[in-house]
Amino acid sequence: MLEELLYRCTDDSKPLPDKSTLLDNSLKAVLPICNEGNDAQIIKNHMVTLLASNVEPDMYQPFIKAANCALRRLSELDAPGLVPSKAEDDPENIIFHLNDPSLIYQTYQGEQSSRKPDVVIVSNASAMKAGKCEVDDIYESALKKPVKKFEWKELRTTLEFKHTKPKSELTPPPATYTVKTTYNIPEAKKFMKYRREMNQSAEEPEPDATPLPASGAATSSRQTLNTRAAATSSRQTSNAAGRSNQSERTNNKGDKKRSSAGLADGGRSSKKARKEPAKAHPVVQNGLYAAEMFAAHFARQSVISYVVENDIIYTWYFDRQGAIQCSGINFVQDLPRFMVLLLAMQRMPYTEWGYHTLPELVSSGEVRVDDKKIGVVDLKFNLTSDERITHFGLRGRATTVFPVESVALSALVPQLPHYNPHNPTDKLVAKLYWPEEERESEADILQKVYEIAKKDEEGKVKHHVPELVWSHVFEDTSTANIRRALGIDDAETGRRVFYIIVFRELRPITKLNEDDFLSAWWQIVVCHYALWENGVHHRDVSPSNLMVYKTSDGRWIGVLNDFDLSSTQDTPSGQERTGTVPFMALDLLTKDAIKGQVKHLYQHDAESFIWVLTWVCICYEDGVFIGKGTDLNDWLRVDAIGCHKEKSSFLTSGRKTMTPSSSHGGIWKMARSCLVAIAQHYVPELVPTVEDHVVFQTWLRKHILEAKILSPALLDVRL
């Protein structure tokens with residue numbers, strides 16, 4: 001990884017050396033700074049002070065002093081093959097800064113997190129703002145907690161510390177440093193070891209990891225942190241559990257589900273009196289901080305962060321494919337190699353820290369994208385809209401949705417072959433996400449959907465699917481790039497790439513009540529079944545994927561949205577197991593399903609429609625989410641196995657005593673009859689596979705007809 005980070009700092013105007021030569025030259029270039037002059041002795045003294053630390057906080061200041069002293073000297077270094085350093089007082093130059101015990105806050109989807117990374121790397125400009133000081137005073141100010149709190153969007157990265165050894169077990173710095181062309185570190189210390197405790201009490205949230213309870217179904221699948229994401233390995237890497245050459249994946253079928261667990265397992269606050277829990281493991285803390293940095297920049301491609309354990313610093317690289325942990329560096333015994341790491345940090349361009357190559361995505365929200373087919377596309381994202389959907393997490397699609405304006409795309413809308421004249425909106429929304437490259441793209445799947453709609457004489461599909469306006473893939477963002485560069489085995493498998501896809505605006509179905517809601521829900525059920533029969537399998541039925549629009553004559557029309565996890569005939573389905581956990585069929589919430597041993601059937605999506613119906617009846621009142629006060633909210637806070645337990649209990653007893661909201665009381669009886677159909681299905685020890693048409697008729701159509709809630713006009717799906 002050190003070679004790769006250095007290579008990101010090369011001077012393109014000069015002949016590029018190979019990576020190993022660049023590293024060797026850099027090690028030789030920094031050696032005098034390690035051995036000669038007053039600064040070399042100052043750095044060594046700070047190292048000795050750090051080794052004498054009795055507790056973790058005692059490590060912060062000597063580390064910061066040593067690192068910043070080294071950066072000042074490195075700014076004067078003419079490093080062969082690398083871009084020159086910015087001036088020492090340049091506002092964009094970097095500095096290590098104490099943060100603990102100051103909290104950093106961030107809000108997404110109406111929920112606030114608060115965390116306190118130990119040490120942060122920021123620009124000089126941010127350091128001056130935080131310390132309320134001039135540039136000449138930032139090195140002194142960096143040793144104190146910030147006067148003005150940092151914001152996550154300001155941080156280049158974080159450093160989390162861990163103190164585990166007494167001074168007697170640590171080796172002091174050598175008298176003289178030499179260049180070690182072959183790097184050796186004890187095998188036991190090469191990678192951090194961490195195994196997630198699966199039996200951790202759900203009543204105990206992680207300290208310094210404020211849980212973000214999901215504010216609704218639309219956010220529960222988006223605001224997740226899977227600590228197991230830190231599990232990519234190769235000859236240079238190890239996963240968080242310390243296993244080498246083992247991927248987090250089980251096999252091509254046993255892929256990941258969208259999790260409903262909060263930021264940390266057991267996001268509920270305990271009502272019981274208990275002792276203050278121990279500080280979370282640095283691997284967990286580091287992952288949470290990476291997720292915060294991703295959330296602060298919605299188009300951020302990667303995060304490089306660090307964990308310091310005693311005298312070893314570990315580099316972690318996070319992207320939407322997973323996490324890569326790199327072999328640690330003993331910064332006391334191998335100061336030259338640590339110096340080269342600092343050199344790379346100092347010389348790396350802003351984008352190489354993981355920010356998107358379109359800087360406007362980070363700042364103004366206005367971008368222009370060159371499209372091979374239609375020319376330049378102007379996009380103006382509304383980054384502060386109340387309608388935006390943001391994401392918190394590490395691995396996965398990391399979907400964010402923003403209202404967007406575009407002169408070019410608005411002019412394109414009436415010319416679309418699948419243009420829907422019944423939707424009167426002139427507004428557009430943009431979806432930004434990281435799908436797997438090997439999957440069929442959402443745009444390609446929708447083209448097949450539109451072909452089915454053309455032949456749809458009964459109106460089951462036509463006008464009930466989203467209107468794609470434009471789609472663009474940023475091919476240079478593939479997560480395979482870093483894995484190829486590092487020589488990681490199987491670098492192509494599970495690779496992800498950044499997409500922007502624009503649609504005409506729709507509204508959430510959860511905004512509707514009673515007859516309007518049930519009519520739109522039924523229209524989507526019919527559309528989904530018609531597509532399934534024609535080979536397009538949606539496989540992710542959830543409240544956030546059921547949308548509506550209102551026609552000019554006042555009728556609400558249901559739309560089956562979000563086809564990015566769908567599969568079609570004869571196309572690869574990718575690595576991911578699909579679905580949003582709280583709404584998945586019980587069959588898919590088992591250990592066998594997690595291992596990829598359960599085929600996704602129509603009956604599973606049909607069951608999801610019933611869970612959605614149940615959820616909305618109980619958790620929404622007049623379009624507002626009220627689920628936090630219900631037992632159903634627990635479905636958002638547990639993993640797949642836990643959700644199976646919660647929903648099974650609800651199916652056997654909870655449904656009989658649950659009270660619907662006042663705005664959905666009229667359809668609750670029908671929802672309960674659908675739940676009975678599911679309960680009866682799971683009575684046999686071996687759950688049967690039921691033919692698709694039987695499921696549609698007996699689980700869904702039968703109950704909506706028998707309920708006699710909707711008039712024939714509202715039951716009619718045609719426009």
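Glu-140 counts as exposed because its relative accessibility is 51%; exposed means over 50% relative accessible area, buried under 20%, and partly exposed in between, with a 1.4 Å probe and protein chains only. This is a predicted model, where local features need pLDDT of at least 70, side-chain atom pairs count only at pLDDT 80 or more, and totals for chains, interfaces and linings use all residues. Residues are numbered from 1 along each chain as its sequence is written, and side-chain values use heavy atoms, leaving out hydrogens and water.

Glu-140 sits in helix α6, residues 138-141. Helices are DSSP runs of H or I with at least four residues, strands are E runs of at least two, and both are numbered from the N terminus.

Next, helix α5. Six of the eight residues in α5, which spans 124-131, are buried, so this helix is largely enclosed by the rest of the structure. The buried ones are Asn-124, Ser-126, Ala-127, Met-128, Ala-130 and Gly-131. They pack against β1 (94-98), β4 (119-123) and α6, where contact means heavy atoms within 4.5 Å. Just after α5 comes Lys-132, with a positive phi of about 50 degrees.

Last, Arg-8. Where is Arg-8 placed? Arg-8 is in the loop between α1 (2-7) and α2 (19-35). Is Arg-8 buried or exposed? Arg-8 has a relative accessible area of 15%, so Arg-8 is buried. Leaving aside residues up to four places away in sequence, Arg-8 touches Ile-304, Tyr-317, Met-348, Pro-349, Glu-352 and Ile-482.
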